[in-house]
Amino acid sequence: MLSTGWIMLCVCWVAWAWPFAFRAPHYQKRPSITAIAPTWAGLLLEGLAIAVAVVFRQSPDHPPGLVRFLGSAGFGLIAAVLSWTAVKHLGKQFRVNAGLYEDHELVRTGPYGIVRHPIYSSVLAILLSTILLLTPWRWAVVSLSLFVAGTEIRVRTEDKLLASRFGREFAEYRKKVPAYVPFVR
């Protein structure tokens with residue numbers, strides 16, 4: 001089951017990453033304000049979270065079992081759906097670094113009606129997919145802690161920027177819609 005698991009996990013990662021690599025608009029030449037340092041600090045911690053989940057793997061003598069395999073597949077599917085729909089709905093607002101374009105719009109459609117930051121939800125889902133298939137629980141806790149720390153930096157930075165631009169409209173949106181984990185405020 002482990003080789004099947006690896007194949008499934010690789011397919012999930014490719015399906016998750018595809019819209020960021022090939023469907024999202026890159027290199028937009030529009031005036032914007034950008035918060036680069038917090039973005040890269042958050043990305044570093046999120047990247048470390050993924051590295052911990054992949055590097056500190058279960059022994060091949062302890063395959064994940066059917067429940068963890070199915071959970072991994074489920075989170076992988078959720079990750080892919082979220083990444084595709086988030087990129088589609090975000091459209092021209094997509095960017096890697098936290099920031100706002102001069103003509104930025106507050107997106108609240110599709111997955112943005114469920115969570116304010118569905119791209120981070122998709123990263124969490126693909127991380128959980130990886131953890132369930134590969135990672136012992138003690139390292140899973142380390143990985144998830146690093147992810148939450150990095151994502152919180154990025155969410156707070158982006159929320160601050162959005163609040164500065166959209167004021168009351170963003171405050172109402174923020175009250176109604178959780179950050180990146182559905183039903184968790």
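**Figure 1. Arg30, Lys92 and Asp103 are linked in a network of salt bridges.** A salt bridge is counted where a side-chain nitrogen of Lys or Arg lies within 4 Å of a carboxyl oxygen of Asp or Glu. The model is predicted, so local features need pLDDT of at least 70 and side-chain atom pairs count only at pLDDT 80 or more, while totals for chains, interfaces and linings use all residues. Residues are numbered from 1 along each chain as its sequence is written, and side-chain values use heavy atoms, with hydrogens and water left out. Aspartate 103 and arginine 30 meet through their side chains at 2.9 Å, N to O. This pair links distant parts of the chain, 73 residues apart: aspartate 103 is in the loop between β2 (98–101) and α4 (118–134), and arginine 30 is in the loop between α1 and β1 (32–35). Helices (H or I, at least four residues) and strands (E, at least two) are DSSP runs, numbered from the N terminus. Arginine 30 also lies over the face of tyrosine 101, at 3.8 Å from the ring centre. Arginine 95 lies over the face of tyrosine 101 too, at 4.6 Å. For such a contact, NZ of Lys or CZ of Arg must be within 6 Å of the ring centre and within 35 degrees of the ring normal.

**Figure 2. Arginine 116 forms a salt bridge with aspartate 159.** The closest N and O atoms are 2.7 Å apart. Arginine 116 lies in the loop between β2 and α4 and aspartate 159 in helix α5, so the pair ties together parts that are 43 residues apart in sequence. Arginine 116 is buried at 9% relative accessibility, and aspartate 159 is buried at 3%. Buried means under 20% relative accessible area, exposed over 50%, and partly exposed in between (1.4 Å probe, protein chains only). The whole structure holds eight salt bridges.

**Figure 3. The rings of phenylalanine 56 and tryptophan 139 are among seven aromatic pairs found in the whole structure.** Rings of Phe, Tyr and Trp (its six-membered ring) pair if their centres lie within 6.5 Å; planes under 30 degrees apart count as stacked, over 60 as edge-to-face and the rest as tilted. Here the centres are 3.9 Å apart and the planes are at 10°, so the pair is stacked. Phenylalanine 56 lies in the loop between α2 (36–55) and α3 (65–90) and tryptophan 139 in helix α5 (residues 137–176), so parts 83 residues apart in sequence are tied together. Phenylalanine 56 is partly exposed at 35% relative accessibility, as is tryptophan 139 at 27%.

**Figure 4. Phenylalanine 170 and tyrosine 173 pair within helix α5.** Their ring centres are 6.2 Å apart and their planes are at 65°, so the pair is edge-to-face. The two residues are three apart, about one turn of the helix. Both phenylalanine 170 and tyrosine 173 are buried.

Figure 5. A disulfide is a pair of cysteine sulfur atoms within 2.5 Å, and the count comes to zero disulfides. Cysteine 10 is partly exposed at 42% relative accessibility, whereas cysteine 12 is buried at 10%.
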